[in-house]
Amino acid sequence: MEAVVFQAPGKVKVEWVDDPMPGSDEVLISVKAAGLCGTDLHIYQGEFPASFPLIPGHEFAGEVISVGEGVTHITPGDRVCVDPNIPCRRCTPCKRNRENLCQNLRAYGVHLPGGFAKLVSVKAENVYSIGDLTYEEGAMIEPLACVLHGIEILGIHPGDKVLIFGAGPIGLLLAQVCKVSGAGEVLSVDLFQARLDFAKEIGVEGTYLSGPGLPKELQQRYPDGLDAVIDATGVPQVVERLSGYVKDGGKILYFGVCPEDSEVKLDPFDIYRRELKIFGTFSLLVNFIPAIELVKKGMVDVKSIVSHKLALKEFHKAMDLIRNKTDSKKILLLPGD
Ligand SMILES: [Zn+2]
Ligand SMILES: [Zn+2]
């Protein structure tokens, strides 16, 4: 079959590899849509722990082709998306229902062959039916599930004013989930006006171009600060300044992935005196079913976040697009084409 292969950090080829053989507890899926995300770029650049050679792609949906003999609840023809995470279920975090913090966590598209291929074989327990959703919507369920996990940790209360740094695909999903969670006002900050214009289209109340005048502009409009501030940039210089925008007693969520050894300056007296709460969020926990439900009910629009659909052999173009943030939102690969 045709697949994208990261042979080693910095080395990628679209090539022919052997078809996967599903084990007795696995299902074979014909991948119809797979999302490219910042993590894939980090893996490619050797900045994220992964196993090489690797078929990447951890956000994907497709049609079940065949099932192993031990699989009873899934049948060929089913339309599904896949939770890429494989916790060990033996370590302490796993035993405490914190599988996302598993000490031996592996994932399809990171340690095991993923969705940037015509076919992929995955454990049946990782598969979720998407019903009538399109495969393109199905490929957006994994990032939406991660966003739901983050917002659960942050805790949005009715009427909250929320400021989100970054209006890329994740920032746009965060904004929508804040809204459906009851936020009264959601604001986006980004470097690019085109991305802010789109954030407005999907329902964000206020947009602000990032720049030296931003703190003053927001201070004038929201003198007490915002109830919650979320980083969806992964840029340490942005993360460092989040506490300047939040109200006393307010909450900060680190969603964006900063480089592994980056450091930021924090003022512990300020955090103490103002009772600031800072939260981290990693991956997802039990968020696939609610994510599918939100898309089915039309409460979160994932479709209009997709800007490009490309064939597997156009992977290099997809990488260029994700690096050049001005021209793209979510990029999907359609291996079935
Ligand atoms: Zn991702
Ligand atoms: Zn574990």
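The legends below describe close-up views of a predicted model.

**View 1. Packing of helix α4 against helix α10.** Helix α4 spans residues 141–154 and helix α10 spans residues 288–296. The crossing of α4 past α10 is right-handed. On the α4 side the contact involves Ile-141, Leu-144, Ala-145 and Leu-148, and these meet Phe-288, Pro-290, Ala-291 and Ile-292 of α10. By class, the residues of this contact are 8 nonpolar, with no polar and no charged residues.

**View 2. Buried and exposed residues of helix α10.** The residues Phe-288, Ala-291, Ile-292, Leu-294 and Val-295 of α10 are buried. Viewed down the axis of α10, these buried residues fall within an arc of 160°, so they line one face of the helix. Ile-289 and Glu-293 are exposed, on the other side of α10. The elements that cover the buried residues of α10 include strand β9 (127–129), α3 (135–139), α4 and α5 (169–180). Gly-298 follows α10 and has a positive phi, near 75°.

**View 3. Packing of helix α4 against helix α5.** The axes of α4 and α5 come within 9 Å of each other and cross at roughly 55°. That angle makes α4 oblique to α5. As it passes α5, α4 forms a right-handed crossing. Pro-143, Leu-144, Val-147, Leu-148 and Ile-151 contribute to the contact from α4. From α5 the contributors are Pro-169, Ile-170, Leu-173, Leu-174, Val-177 and Cys-178. The residues of this contact of α4 with α5 divide into 11 nonpolar, no polar and no charged. Leu-144 and Leu-148 of α4 take part here and also in the contact with α10.

View 4. Lys-179 is located in helix α5. This lysine counts as buried because it has 20 C-beta neighbours inside 10 Å, and the cut-off for a buried residue is 20 or more. Apart from neighbours within four places in sequence, Lys-179 is in contact with Val-186 and Gly-203. The C-alpha atoms of Lys-179 and Asp-160 are 9.4 Å apart in space, while the two residues are 19 residues apart in sequence.

Methods: Residues numbered from 1 in each chain as written. Chains lettered and ligands numbered in written order. Predicted model: local features only at pLDDT ≥ 70, side-chain atom pairs only at ≥ 80, totals over all residues. Axes fitted to C-alpha atoms, helices over the stretch in contact; angles between N-to-C directions. Helix = DSSP H or I, 4+ residues; strand = E, 2+ residues; numbered from the N terminus. Left-handed = near helix turned anticlockwise from the far one by under 90°. Contact = placed C-beta atoms within 7 Å. Nonpolar A, V, L, I, M, F, W, Y, C, P; charged D, E, K, R; others polar. Buried ≥ 20, exposed ≤ 12 C-beta atoms within 10 Å, placed from the backbone. Arc of directions from axis to C-beta. Parallel < 35°, antiparallel > 145°, perpendicular 65-115°, else oblique.
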